[in-house]
Amino acid sequence: MAWAPIKFWKPKSSSPMEMLLPPVHAKILTFSSPSGEVEVSAQQLSFAPLNSSYMPQFMEAIVLMHNAYPDLLDKGFSGYGSWALRSPTPLVYNYNYTLGAETDANFTTGFTHTLSIFGQSVETAQSIFAPFLRQLAPYNGRSLFINITYSSFPTYDAFYNALSGIESPIGSSAAIGSRLLDRKALTSPRLNRTLDVVVGRPEEYTSVNLVLVGGGQVAQDGADPYSGVNPAWRTAYLHNIVARGWPPGADVATRNAVYSDITNVKVQAMKDLAPDTGAYMNEVRLLLSALI
């Protein structure tokens, strides 16, 4: 670890209210392993209901994973995920390894996440996740198809290129909203009802995306009174993003109905669950009654 003081100056503005701020002193920390590289272990987890009669068990497993995230992130995991009751394309793949090809049992209802942990072995990652895997195990093969794999990468660059820095196909127009969720929200007995509201009905084709980049070191750094960490991120574990689209050529009434559902129903449900956090600025929409 090393640090060096530097100064930041605000350039003189060309606006009528010109202002020059005094210098700001900041301490920049850098971390590196002795070799200059750090091992990254990754977990890919996905699950889906075996058929539509097991939707209650699917939602139970969704809640279990949300309950688990604060502890997982505090132990060093981070990552991204998504889930949906109905997706235009498969979310979870059931590979037939005997034939070496995908079977017809690919799931458009499903949950998936990719988590990573830095400087730890796959064995350590498995050990950290083991208590949560035991909670999911009773569902496996009875009501849910569950797949979990681990992999290790010698560098962050190798991990990023293999599992993270993947360019997805361009999608269609959609309405989007979000909320930062803290530990209190993620472990609340109201969480299951909130998630039911957020994901809506299968015919809405709602997509829920999970940005798991809080807790752990972020929370520790945020505890510093001079930290530059955004206040809402100091307690948040999950940035929960919800989106709905509409068919090409949809009329104004159809689009406005989707906007209203995202703003007044789905985002509002998340605000009710986590009233003390906020929305990530890039996903704040003009239709919201307040910035947070």
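Which residues form one aromatic cluster? This note works towards that point and then turns to charged pairs and to one histidine.

1. The structure is a predicted model, in which local features need pLDDT of at least 70 and side-chain atom pairs count only at pLDDT 80 or more, while totals for chains, interfaces and linings use all residues. Residues are numbered from 1 along each chain as its sequence is written, and side-chain values use heavy atoms, with hydrogens and water left out.

2. The protein chain contains 7 helices and 11 strands, where helices (H or I, at least four residues) and strands (E, at least two) are DSSP runs numbered from the N terminus. Of its 292 residues, 38% count as buried; here buried means under 20% relative accessible area, exposed means over 50%, and partly exposed lies in between (1.4 Å probe, protein chains only). The accessible surface of the chain comes to about 16,600 Å², and 56% of this belongs to carbon and sulfur atoms, the areas being computed by the Shrake-Rupley method with a 1.4 Å probe, and for residues only the protein chains shown count as cover. Among contacts (heavy atoms within 4.5 Å) between residues at least 6 apart in sequence, 76% join residues at least 24 apart.

3. The answer to the opening question is that Phe118, Phe153, Tyr156, Phe159 and Tyr160 form one aromatic cluster. Rings of Phe, Tyr and Trp (its six-membered ring) pair if their centres lie within 6.5 Å, and planes under 30 degrees apart count as stacked, over 60 as edge-to-face and the rest as tilted. By this rule the count comes to 9 aromatic pairs. In one of them, phenylalanine 118 and tyrosine 156 have ring centres 5.8 Å apart and planes at 25°, so this pair is stacked. The pair links distant parts of the chain, since phenylalanine 118 belongs to strand E7 and tyrosine 156 to helix H3 (residues 156-164), 38 residues apart. Phenylalanine 153 and phenylalanine 159 have ring centres 5.9 Å apart and planes at 65°, so their pair is edge-to-face.

4. Phe118, Tyr156 and Tyr160 make a nonpolar surface patch of about 290 Å². Patches are made of residues with over 30% relative accessible area and no salt bridge, with like charges joined within 9 Å and nonpolar side chains (Val, Leu, Ile, Met, Phe, Trp, Tyr) within 5 Å.

5. A search of the whole structure finds 7 salt bridges, a salt bridge being a side-chain nitrogen of Lys or Arg within 4 Å of a carboxyl oxygen of Asp or Glu. One of them joins the side chains of arginine 183 and aspartate 74 (2.9 Å, N to O). Arginine 183 lies in helix H4 (residues 183-186) and aspartate 74 in helix H1, so the pair ties together parts that are 109 residues apart in sequence. Arginine 183 is partly exposed, at 30% relative accessible area, and aspartate 74 is partly exposed as well, at 36%.

6. Another salt bridge is made by the side chains of lysine 266 and glutamate 204 (2.9 Å, N to O). This pair links distant parts of the chain, with lysine 266 in helix H7 (residues 252-273) and glutamate 204 in the loop between helix H5 (191-199) and strand E10 (207-212), 62 residues apart. Lysine 266 is buried, with a relative accessible area of 1%, and glutamate 204, at 8%, counts as buried too.

7. Arginine 244 forms a salt bridge with aspartate 261, the closest N and O atoms being 3.0 Å apart. Both arginine 244 and aspartate 261 are buried. Salt bridges that share partners join Arg201, Glu203, Glu204, Arg244, Asp261 and Lys266 into one network.

8. Histidine 66 lies in helix H1 (residues 55-74) and, at 0% relative accessibility, counts as buried. Leaving aside neighbours within four places in sequence, histidine 66 is in contact with Trp83, Leu186, Leu191, Leu195, Leu210, Leu238 and Asn240. The C-alpha atoms of histidine 66 and serine 188 are separated by 10.0 Å, although these residues are 122 residues apart along the chain.
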